[in-house]
Amino acid sequence: MSLAHTAAEYMLSDALLPDRRGSHLKGLRLELPLDRMVKFVAVGFPLLLMSLTLAQEFSSGSPISCFSPSNFSVQQAAYIDSSCWDSLVHHEQDEPGRYKMKSLWPHKALPYSLLALAMVMYLPVLLWQYAAVPTLSSDLLFIISELDKSYNRSIRLVQHMLKIQQESSDPHIFWDELEKARKERYFEFPLLERYLACKQRSHSLVATYLLRNSLLLLFTAATYLYLGYFHLDVFFQEEFSCSIKTRLLSDETHVPDLIPCRLTSLSIFQIVSLSSVAIYTLLVPVIIYNLTRLCRWDKRLLSIYEMLPAFDLLSRKMLGCPINDLNVILLFLRANISKLISFSWLSVLCVLKDTTSQKHNIDTVVDFMTLLAGLEPSKPKHLTHRVCDEHP
C-alpha cells in the first residue's frame, strides 16, 4: 500500500464522526433562547414583585394609617386600622348627608393579582410543553441523527471508492462504474430529504408556536387593560375617608362619620404598576420578533447541508411558504447546533469548496473528500483521450 493511500485512509478515518449512541442527544433545547428569556421574565417578574410586596407588608406592619379621635384607646385605634383595611372604601361627600363611595381594592389585591398574572403567563408555556415538545423532540432526535449518519455514509463511501480504485487493475472499469453510479444517483439516501419535505406540508408545530406567542400578546394586552382601568383610577390617591359606623357601631354618636386614613404602601403600589408596564412593553417587540422569524427560511443552515447527497432543498427550489413545521424545526436545529457535530465539518468543507479552483466539479461532500483523498472528482483527461483514440 502506498504512502498516499495510507495518508488518505487516515484522513478519512479522522473525518468520521464518533458513534454517539446513548446519551449524546440528552439535553436538547426544546425552547428557543428568546422564548426562554420571555418565559423567565413574563413569569418570574410578577413573582418577584409579589415577594417584594409581601415582604414590605410583613416588615412595615399595617399598609394604612388611620387618624383616630384622641379619645380612642390603642385597641380602638387598631380596630379602626383593621376595619378600614378590610373595607378599603373611600367615602367622598357628594351632597349634604350623602356620600359617594369609591373602592380601593386594587391595593389589597396587589400581591394576588401579581400571582394570577404569573400563572396566566405560564399557560402558553404549558401549552407548548404538552402540545409541541413530544413531537418536536422526536423530530429533532431523528433529524440530528440522520444528518450525522448521512455525513458518515459519505465518508465511508469515499473510503470504499478509494479501496476499489486501489484494488482495480483497469482504471477504465473503475471510472465507468463511478460515473454510472453518479448518473443513477446511487450515492443518494433520500429518506431524510423526503421526511423534511413532508414536514413542509405539516403545520401542527407552527400552529402551536403561533398560538403560544399570540396568547402572550393577548395576556399582555389584558394586563395593560387591567392596569389602566383599575390601577390608574387609584394610582395617585394616598388619603381616603373611611366609615366604621356599620353594624353595632351604626348608632354610636361618639364615633365620627368619617375617619381620615393614609395609604403607607402607595409608593410600592406605584412602583409595581409602572415597572409592570415597562417590562411587558419591552417584551412585546421580542414576542413580535419571534413571530416574524417564521416568515423567512434559515438558508445558511440549509446551504451548508446541501453538501450532503440527496439534500438539495435549496437547489431544487423545494422551499415554499416558510410558515410550516419545517421552518420551526430549522429554528430548533440552529438552537441545538452544538449537537450537530457534522455541522462544523461541513462548514469547513463549504469554506474550502468556495476557495478551491475546481468548483464546477464539487457538489457534495463525496466529491470534495474524493478530491482530498487524492482521487480526481471526474474521469482524468488522459483516460478520456485514450478512450476516444481507441474508438474514433
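The paragraphs below lead through the helices of this chain, their contacts and a few individual residues.

The model is predicted, and local features are given at pLDDT of at least 70, side-chain atom pairs count only at pLDDT 80 or more, and totals for chains, interfaces and linings use all residues. Residues are numbered from 1 along each chain as its sequence is written, and side-chain values use heavy atoms, with hydrogens and water left out.

The chain holds 15 helices and 5 strands, where helices (H or I, at least four residues) and strands (E, at least two) are DSSP runs numbered from the N terminus. Of its 392 residues, 43% count as buried, a term that stands for under 20% relative accessible area, with exposed over 50% and partly exposed in between (1.4 Å probe, protein chains only). Among the contacts in the chain with a separation of 6 or more, 79% join residues 24 or more positions apart, contact being heavy atoms within 4.5 Å.

Two packed helices are described by the angle between their axes and the distance between the axes. Axes here are lines fitted to C-alpha atoms, for helices over the stretch in contact, and angles run from 0 to 180 degrees between N-to-C directions. The axes of helix 9 (residues 204–231) and helix 12 (residues 325–335) come within 6 Å and cross at roughly 70°, which makes helix 9 roughly perpendicular to helix 12; angles under 35 degrees count as roughly parallel, over 145 as roughly antiparallel, 65 to 115 as roughly perpendicular and the rest as oblique. In this contact Ser204, Leu205 and Val206 of helix 9 meet Asp325, Val328 and Ile329 of helix 12, and by class there are 4 nonpolar, 1 polar and 1 charged residues. Ala, Val, Leu, Ile, Met, Phe, Trp, Tyr, Cys and Pro count as nonpolar, Asp, Glu, Lys and Arg as charged, and the others, Gly among them, as polar.

Helix 12 also packs with helix 8 (residues 191–200), the axes coming within 6 Å and crossing at roughly 120°, so that the two helices are oblique to each other. Here Leu196, Lys199 and Gln200 of helix 8 make the contact with Asp325, Leu326 and Ile329 of helix 12, and the residues divide into 3 nonpolar, 1 polar and 2 charged.

The structure holds 7 aromatic pairs, in which rings of Phe, Tyr and Trp (its six-membered ring) have centres within 6.5 Å, planes under 30 degrees apart counting as stacked, over 60 as edge-to-face and the rest as tilted. The rings of Trp128 and Phe332 are stacked, because their centres lie 5.8 Å apart and their planes are at 15°. This pair links distant parts of the chain, with Trp128 in helix 5 (residues 110–131) and Phe332 in helix 12, 204 residues apart. Trp128 is buried at a relative accessible area of 0%, and Phe332 is buried at 1%. Ring pairs also link Trp105, Tyr226, Tyr229 and Phe230 into a cluster.

An unreviewed UniProt entry annotates residues 109–128, 209–227 and 268–291 as "transmembrane region". Residues 109–128 are 95% helix and 0% strand, with end C-alpha atoms 30 Å apart, whereas residues 209–227 are 100% helix and 0% strand, with end C-alpha atoms 27 Å apart.

Val41 lies in helix 2 (residues 33–60) and is partly exposed at 26% relative accessibility. Not counting residues up to four places away in sequence, Val41 touches Pro46, Ile279 and Leu283; Val41 and Leu283 are 242 residues apart in sequence and 8.3 Å apart in space, C-alpha to C-alpha.

How values were computed:
UniProt positions are given in the numbering used here, feature names are shortened, and annotations may be inferred rather than shown by experiment.
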